[in-house]
Amino acid sequence: MMSVPRTLGAVVAALLFAVGLSACEEKKVTRYEAGKYSGAPVTSPWDSPQYGGKQAEWEAAVQARTQGQNDYTRIPAK
Amino acid sequence: MARMKFICDANRCIECNGCVTACKNANEVPWGVNRRRVVTLNDGEPGERSISVACMHCSDAPCMAVCPVDCFTRSEDGVVLHDKDQCIGCGYCLYACPFGAPQFPQAGAFGARGKMDKCTFCQGGPGKGSEEAQYEKYGQNRIAAGKLPLCAEMCSTKALLAGDGDVIANIFRERVTVRGKGAEVIGWATAYGTPRGGAAPAAGTEGKK
């Protein structure tokens, strides 16, 4: 059976060990998360008076317009 | 679904500033603010290059990440928009943006900073209001009319392309293929290629068109 001073010493040593180990803890990393949009909702471009929610029609118009920037197709090869 | 992007072909840009003027005029952009600018590298030296820069509507936008009031959002077609009713004009987005796109008008007599203003890809802004109020805040909404941003549509050399990223990337790829050279060569034939099905322009005729 251990004497009281030895038991006390063991407890103190265990405590010091635990405190010492806690110093080896990993540094806390701040994790940034994307915030939630706080503004007013954005209307879809096809929800306009001109297209009235017809997404396919709007997309076709924009695609044609975008392709119109290709001068190799606008000016046919001779 | 289209994902709207800009591409500027530095071989074609002639630094006319037409895109800057068109944007400024069409959207009645406040004094001191330019939503689009033309940047010239090696100005006045052989091989100078100009490129038209505005908000690039980033897929992972840093302005959106740093905004303390989260006033940025992305529309269904990939355009980065911000709500001016939420913006506090702090300027974080200006420091975060690698293109210098966010601009701040002077709001008062003592240089107080107004709410941020930037390119909206001619798509107006969030929220619903009267057409006049929306125009005053964000400018024209050409996208809702099936049109493209005015800066690109009126670019005389078609250096500035706007629209679905896949489509304009294909247009640019075709140009590079037709040129058949790297970006280090300058001149008409490099920018516009040789006529298809025809002979290459005779020596010395380059730039005389």
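Let's start with Asn42(B), found in the loop between β2 (37-41) and β3 (49-53) of chain B. Keep in mind that this is a predicted model. The phi of Asn42(B) is near 50°, a positive value, and the residue is not a glycine. Most residues other than glycine have a negative phi. Is Asn42(B) buried or exposed? It has 10 other C-beta atoms within 10 Å, so it counts as exposed.

Next, Glu15(B). This residue sits in the loop between β1 and α1 (18-27) of chain B. Glu15(B) also is not a glycine, and its phi is positive, about 60°. Glu15(B) is partly exposed, because 15 other C-beta atoms lie within 10 Å.

Now to Arg3(B). Its place is in the segment before β1 (4-8) of chain B. Arg3(B) has 15 C-beta neighbours inside 10 Å, so it counts as partly exposed. What does Arg3(B) touch, leaving out residues up to four places away in sequence? Asp77(B), Gly78(B), Asp164(B) and Gly165(B). Then take Val178(B), 175 residues from Arg3(B) along the chain. The C-alpha atoms of these two are separated by 26 Å.

Last, the interface. Here 29 residues of chain A are in contact with 37 residues of chain B. On the chain A side, α2 (55-67) and α3 (71-74) each supply at least two residues. Which element gives the most to that side? α2(A), with eight residues. By class, the side of chain A that touches chain B has 12 nonpolar, 12 polar and five charged residues.

Notes. Residues numbered from 1 in each chain as written. Chains lettered and ligands numbered in written order. Predicted model: local features only at pLDDT ≥ 70, side-chain atom pairs only at ≥ 80, totals over all residues. Contact = placed C-beta atoms within 7 Å. Helix = DSSP H or I, 4+ residues; strand = E, 2+ residues; numbered from the N terminus. Nonpolar A, V, L, I, M, F, W, Y, C, P; charged D, E, K, R; others polar. Buried ≥ 20, exposed ≤ 12 C-beta atoms within 10 Å, placed from the backbone.
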